[in-house]
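I opened a new notebook page for this one.

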Amino acid sequence: MSVTPPVNQSGVAVLQEYGGILWRSKLLILGCIALSAALSWGYCVITPNYYLSEALIVAEDHRLVENVVHEPGEGNFDRRLFIIQRQITSQDFLSEIVRELNPYPKKLEVAGEYTAILELAKAIKVDKVKADHAGNVFTAGNGIEAFTVSFMHEHPKTAKDVTARISEKFITENIKEREYDAEGASRFLDEELRRVKLELEKREAQ
C-alpha cells in the first residue's frame with residue numbers, strides 16, 4: 001500500500017495515517033514478534049550451555065638465571081607467553097590430560113586421541129594480564145606480569161577439573177625447569193670458579 005499525503009497535510013495527520021497502516025497490519029506484526037520469540041526460546045532450549053573456568057598464574061622473573069647463564073630473551077614476557085601458549089596447547093602436554101579426565105569421550109571413542117587433543121586445544125585460551133599482589137586482575141598500569149588459562153566446556157565440573165589440571169601440570173613442569181636451570185647455573189659457576197682458580201695458580205707460579 002502506498003500512501004502519498006497531500007502537501008498541505010499536517011504532521012499529526014501524517015502520524016494518524018501511519019498509525020492506521022500499523023493498526024491494519026497488527027496481525028502480521030504480532031505474528032512476526034511471536035515467531036521471533038518462539039525461535040529464540042527454541043534456540044536457547046536446544047543449544048547447550050557452556051561454562052568457562054579460568055585460572056590466574058603469576059609469571060616469576062627469570063633474571064637471576066638469565067644473568068648467570070647468559071640466555072637472551074628469557075626476561076621478555078611476551079616471548080615467554082608465546083612459548084607458554086605453545087607449551088600448554090601442545091600434543092605432548094594435553095595427551096596426559098585427555099587420558100586422565102577424558103573431556104570429550106565421544107570424540108575419543110570415535111575419532112581417537114589425537115582428535116580429542118585438537119578439540120581440547122581449541123577450547124583453551126591463554127591471555128596476558130596484569131595483577132597486583134592480592135591477585136586482582138586489571139588491564140592497564142603497572143603490576144605483576146601474569147596470565148590466565150581458561151577452558152570452556154558444556155559440563156561445569158569438567159571445565160573446572162581440566163583448568164585445574166592444566167595449571168597444576170604447567171606449574172609442576174615449570175618448577176622442574178627452574179630446578180634444572182638452577183643446577184645448570186650452579187655447574188656454570190663451579191666451572192668458572194675452577195677456571196679462575198687455575199689461572200690464579202698459574203700466575204702465582206709465574
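**Ground rules.** I am reading a predicted model, in which local features need pLDDT of at least 70, side-chain atom pairs count only at pLDDT 80 or more, and totals for chains, interfaces and linings use all residues. Residues are numbered from 1 along each chain as its sequence is written, and side-chain values use heavy atoms, with hydrogens and water left out.

**Strand S4.** I looked up the strands and helices as DSSP runs, numbered from the N terminus (helices: H or I, at least four residues; strands: E, at least two). Is S4 buried or exposed? Seven of its 10 residues are buried, so S4 is largely enclosed by the rest of the structure. Buried means under 20% relative accessible area, exposed means over 50%, and partly exposed lies in between (1.4 Å probe, protein chains only).

Next I checked its partners. Two strands pair if DSSP finds at least two bridges between them. S1 (residues 51-58) runs antiparallel to S4, with eight bridges. Val-58 has Ala-146 of S4 as its bridge partner. S2 also pairs with S4 in the antiparallel sense, over eight bridges.

**The core.** I then turned to the largest nonpolar core, which has 25 residues. Such a core is a set of buried Ala, Val, Leu, Ile, Met, Phe, Trp, Tyr and Cys residues joined through side-chain atoms within 4.5 Å. Which members touch the most others? They are Ile-88, Leu-120 and Phe-147. H4 (77-88), H5 (91-101), H7 (113-122), S2 (124-131), S4 (144-153) and H8 (156-205) each supply at least two residues of this core.

I listed the contacts of Phe-147 (heavy atoms within 4.5 Å). Leaving out residues up to four places away in sequence, they include Ala-55, Ile-57, Leu-81, Ile-88, Val-126 and Phe-170.

**Helix H5.** Its buried residues are Phe-93, Leu-94, Ser-95, Ile-97 and Val-98. Their cover includes H4, H6 (105-110), H7, S2 and H8. After H5 comes Asn-102, with a positive phi near 50°.

**Ser-167.** This residue is in H8. Ser-167 counts as buried because its relative accessibility is 9%. Ser-167 touches Ala-55 and Ile-57, not counting residues up to four places away in sequence.

**Ile-33.** I ended on the outside. Ile-33 lies in helix H2. Ile-33 is exposed, because its relative accessible area is 52%.
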